[in-house]
Amino acid sequence: MDQRSEDEARELGRQGGIASGAARRRKRALKEAADLYLSLPVSDRRKWNALAKRGVDPEDIDNQMAMIAGLTDAAAEGDARAGRLIVDILGEEAGGAKETQGQSTDMQALADLLAHPAPDRKLEDFET
């Protein structure tokens, strides 16, 4: 077993707790910085115009919306990882087994398609 004295074990535990707290603070600061950046307006006028042409309300055009639009474009182009990420963002479990409140059957089928692509099923089959 461990041959450390009680004082030595206590000191190591204290140092671990201090390091753990510092790591939590760094992680929280990073999350706050990312949240701040994503909430900033899109600075590239071409990207802003592209989102506005898609029907996004000008108030809602920020870096987060641009990121979601990029993910959606990538998923529509066939990027399975982008599709899976969108499904995860929407709150789906793997395989689309859980139906969220108010989610339509078509949305469930789309989530299934993105999670498990099949050659005979197309994205166009789920457009409303």
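Modeller: Helices (H or I, at least four residues) and strands (E, at least two) are DSSP runs, numbered from the N terminus. This is a predicted model, where local features need pLDDT of at least 70 and side-chain atom pairs count only at pLDDT 80 or more, while totals for chains, interfaces and linings use all residues. Residues are numbered from 1 along each chain as its sequence is written, and side-chain values use heavy atoms, with hydrogens and water left out.

Colleague: How many helices does the protein have?

Modeller: The elements run α-α-α-α-α from the N terminus on. There are 0 strands, and the number of helices is 5.

Colleague: What share of the residues is buried?

Modeller: Buried means under 20% relative accessible area, exposed over 50%, and partly exposed in between (1.4 Å probe, protein chains only). The protein exposes about 10,000 Å², of which carbon and sulfur atoms supply 54%. Of the 128 residues in the protein, the buried share is 18%.

Colleague: Which residues form the largest nonpolar core?

Modeller: In soluble globular proteins, nonpolar side chains tend to be buried together. A nonpolar core is a set of buried Ala, Val, Leu, Ile, Met, Phe, Trp, Tyr and Cys residues joined through side-chain atoms within 4.5 Å. Here the largest such core has 5 residues: V42, L51, V56, I61 and A69.

Colleague: Which residues does V42 touch, beyond those up to four places away in sequence?

Modeller: A contact means heavy atoms within 4.5 Å. V42 is a member of the largest nonpolar core. With residues up to four places away left out, V42 touches K47, W48, L51, I61, D62, N63 and A66.

Colleague: D62 is on that list. How far away is the nearest side chain of opposite charge?

Modeller: D62 sits in the loop between α2 (45-53) and α3 (63-76). A salt bridge is a side-chain nitrogen of Lys or Arg within 4 Å of a carboxyl oxygen of Asp or Glu; Lys and Arg count as positive and Asp and Glu as negative, with His and the chain ends not counted. D62 is buried yet has no salt bridge, and the distance to the nearest side chain of opposite charge, R54, is 12 Å.

Colleague: Which residue's backbone nitrogen lies 2.9 Å from a polar atom of the D62 side chain?

Modeller: D62 also touches L38, S39, L40, P41 and V42, not counting residues up to four places away in sequence. The backbone nitrogen lying 2.9 Å from a polar atom of the D62 side chain belongs to M65.

Colleague: Is N63 buried or exposed?

Modeller: N63 is placed in helix α3. Leaving out residues up to four places away in sequence, N63 touches Y37, L38, L40, P41 and V42. Its relative accessibility is 14%, so N63 counts as buried.

Colleague: Which backbone nitrogen does a side-chain oxygen of D44 approach at the start of α2?

Modeller: The other end of α2 is followed by G55, whose phi is positive, near 100°. At the start of α2, a side-chain oxygen of D44 reaches to within 2.9 Å of the backbone nitrogen of R46.

Colleague: Where in the chain are the partners R54 and D73?

Modeller: The side chains of R54 and D73 meet in a salt bridge of 2.2 Å, N to O. The pair links distant parts of the chain, 19 residues apart: R54 is in the loop between α2 and α3, and D73 is in helix α3.

Colleague: Why are E6 and R10 about one helical turn apart?

Modeller: Their side chains meet in a salt bridge (2.9 Å, N to O). E6 counts as exposed because its relative accessibility is 62%, while R10 is partly exposed at 48%. The two are separated by about one turn because their spacing in helix α1 (residues 6-39) is 4 residues.

Colleague: How long is the polar contact between the side chains of D7 and R10?

Modeller: D7 lies in helix α1 and counts as exposed, at 55% relative accessibility. A polar contact is a pair of N or O atoms within 3.5 Å; within protein, one must be able to donate a hydrogen and the other to accept it, and residues adjacent in sequence count only if both atoms are side-chain atoms. The contact joining the side chains of D7 and R10 is 2.9 Å.

Colleague: How many salt bridges does the structure hold?

Modeller: One of them is between the side chains of E11 and R14 (3.1 Å, N to O). E11 and R14 both lie in helix α1, 3 residues apart. The number of salt bridges in the structure is 7.

How values were computed: Areas by Shrake-Rupley, 256 points an atom, 1.4 Å probe, with all protein chains shown as cover.
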